[in-house]
Amino acid sequence: MGARGAPSRRRQAGRRLRYLPTGSFPFLLLLLLLCIQLGGGQKKKENLLAEKVEQLMEWSSRRSIFRMNGDKFRKFIKAPPRNYSMIVMFTALQPQRQCSVCRQANEEYQILANSWRYSSAFCNKLFFSMVDYDEGSDVFQQLNMNSAPTFMHFPPKGRPKRADTFDLQRIGFAAEQLAKWIADRTDVHIRVFRPPNYSGTIALALLVSLVGGLLYLRRNNLEFIYNKTGWAMVSLCIVFAMTSGQMWNHIRGPPYAHKNPHNGQVSYIHGSSQAQFVAESHIILVLNAAITMGMVLLNEAATSKGDVGKRRIICLVGLGLVVFFFSFLLSIFRSKYHGYPYSFLIK
């Protein structure tokens with residue numbers, strides 16, 4: 001029974017082989033070669049990614065921010081594969097560019113990168129780099145970038161979105177603001193550690209010493225402490241500083257002014273109501289002080305009992321100060337709050 005069954009099974013196997021399509025073997029061979037090729041390509045991609053990450057980690061071990069030219073930018077940022085986020089500062093630090101804002105932003109950027117490099121959460125998922133215009137002008141052209149400094153986030157996958165460009169004009173470039181933006185884009189939280197700055201402590205100590213010494217020298221005559229005019233001047237200085245936006249400057253760290261890279265024109269007034277320059281706050285301080293001086297002169301002319309002609313001159317000078325500088329202040333307000341319908345003398 002077993003001997004007769006063996007030839008029968010061989011005949012059935014032969015029938016099954018004869019029934020296979022004649023073109024199936026080349027197709028199977030092609031499918032096998034394709035699988036081998038895909039596997040080899042995937043392994044090559046993994047090796048390339050490992051080499052890129054290893055190189056970036058080596059650079060990060062030497063300095064927290066590494067500089068990039070056009071070739072490095074295209075290799076490590078634009079070209080896949082990439083499983084890491086890259087923060088890039090586009091700047092112009094060469095002296096001939098005269099970009100003071102770039103130097104100030106670079107200091108804050110350095111503080112942020114150092115905070116990340118020396119933190120316990122440091123890993124190979126986030127890197128900081130810089131592209132200087134004089135070293136990578138082709139990168140600026142490729143990205144259609146015409147201003148500096150600019151901060152951009154390049155995600156691990158896909159192209160950068162609008163939110164991946166830091167709104168420097170509105171938020172400023174303080175390290176804390178940059179860290180908050182990076183946390184929103186990458187979920188990587190960086191605690192900013194600033195180097196100790198003893199200038200404020202020294203200034204406060206000198207001020208206390210000066211006041212203490214003055215009080216000691218005048219210890220037998222302290223009537224000046226009750227001088228209303230002196231205290232009024234001190235109070236006005238504090239009010240002018242606060243109403244001009246000095247506290248906002250301290251928190252946000254905006255640039256002093258903005259220089260147009262195309263025509264070299266410097267703007268001291270920010271065009272948006274959501275931001276300001278440091279120079280703008282100084283201008284507002286001077287305008288408020290001039291208006292206040294005019295009001296003081298008007299009050300003096302009305303309440304004093306001196307010569308009528310002198311009082312008339314004081315009144316005209318005070319009125320001129322109020323009218324002119326208030327008109328100037330209103331014109332600045334119109335330039336920032338577009339659509340504001342009212343103006344006075346100066347448009």
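Which residues does His 153 touch, not counting residues up to four places away in sequence? The legends below start with the whole chain and then get to that one.

**View 1. The whole chain, as a predicted model.** Local features need pLDDT of at least 70 and side-chain atom pairs count only at pLDDT 80 or more, while totals for chains, interfaces and linings use all residues. Numbering runs from 1 along each chain as its sequence is written, and side-chain values use heavy atoms, with hydrogens and water left out. The protein chain has 12 helices and 6 strands (DSSP runs numbered from the N terminus: helices are H or I with at least four residues, strands are E with at least two). Of its 347 residues, 30% count as buried (buried is under 20% relative accessible area, exposed over 50%, partly exposed in between, using a 1.4 Å probe and protein chains only).

**View 2. His 153 and its surroundings.** Here's the residue from the opening question: His 153 sits in strand E4, residues 150-154. With 2% relative accessibility, His 153 counts as buried. Leaving out residues up to four places away in sequence, His 153 touches Ser 85, Met 86, Ile 87, Pro 160, Asp 164, Trp 181, Arg 185 and Thr 186 (contact means heavy atoms within 4.5 Å). Two of these partners also make polar contacts with the His 153 side chain: the side chain of Ser 85 at 3.2 Å and that of Asp 164 at 2.7 Å. (A polar contact is a pair of N or O atoms within 3.5 Å; within protein, one must be able to donate a hydrogen and the other to accept it, and residues adjacent in sequence count only if both atoms are side-chain atoms.)

**View 3. Helix H4 packed against helix H7.** Two packed helices are described by the angle between their axes and the distance between the axes. For H4 (residues 100-117) and H7 (residues 175-186), the angle is about 55° and the axes are 9 Å apart. That makes H4 oblique to H7 (under 35 degrees is roughly parallel, over 145 roughly antiparallel, 65 to 115 roughly perpendicular, and the rest oblique). On the H4 side, Glu 108, Ile 111 and Leu 112 meet Ala 175, Leu 178, Ala 179 and Ile 182 from H7.

**View 4. Ala 174, in the loop between H6 and H7.** Helix H6 covers 168-171. Ala 174 is buried, at 8% relative accessibility. Apart from neighbours within four places in sequence, Ala 174 is in contact with Glu 108, Ile 251 and Arg 252. Arg 252 is 78 residues from Ala 174 in sequence, yet their C-alpha atoms are 6.2 Å apart in space.

**View 5. A cis peptide bond between Pro 80 and Pro 81.** Omega is about 0° here. Look for Pro 81 in the loop between helix H3 (70-78) and strand E2 (85-91).

**View 6. The loop between H5 and E4, with Pro 149 and Asn 144.** Helix H5 spans 137-142. The peptide bond from Ala 148 to Pro 149 is cis, with omega near 0°. Asn 144 isn't a glycine, but has a positive phi of about 55°. Asn 144 also counts as exposed, at 69% relative accessibility.

**View 7. Asp 187, with a positive phi of about 65°.** Asp 187 is not a glycine either. Its place is the loop between H7 and helix H8 (199-217). Asp 187 is exposed, with a relative accessible area of 64%.

Technical notes:
Axes fitted to C-alpha atoms, helices over the stretch in contact; angles between N-to-C directions.
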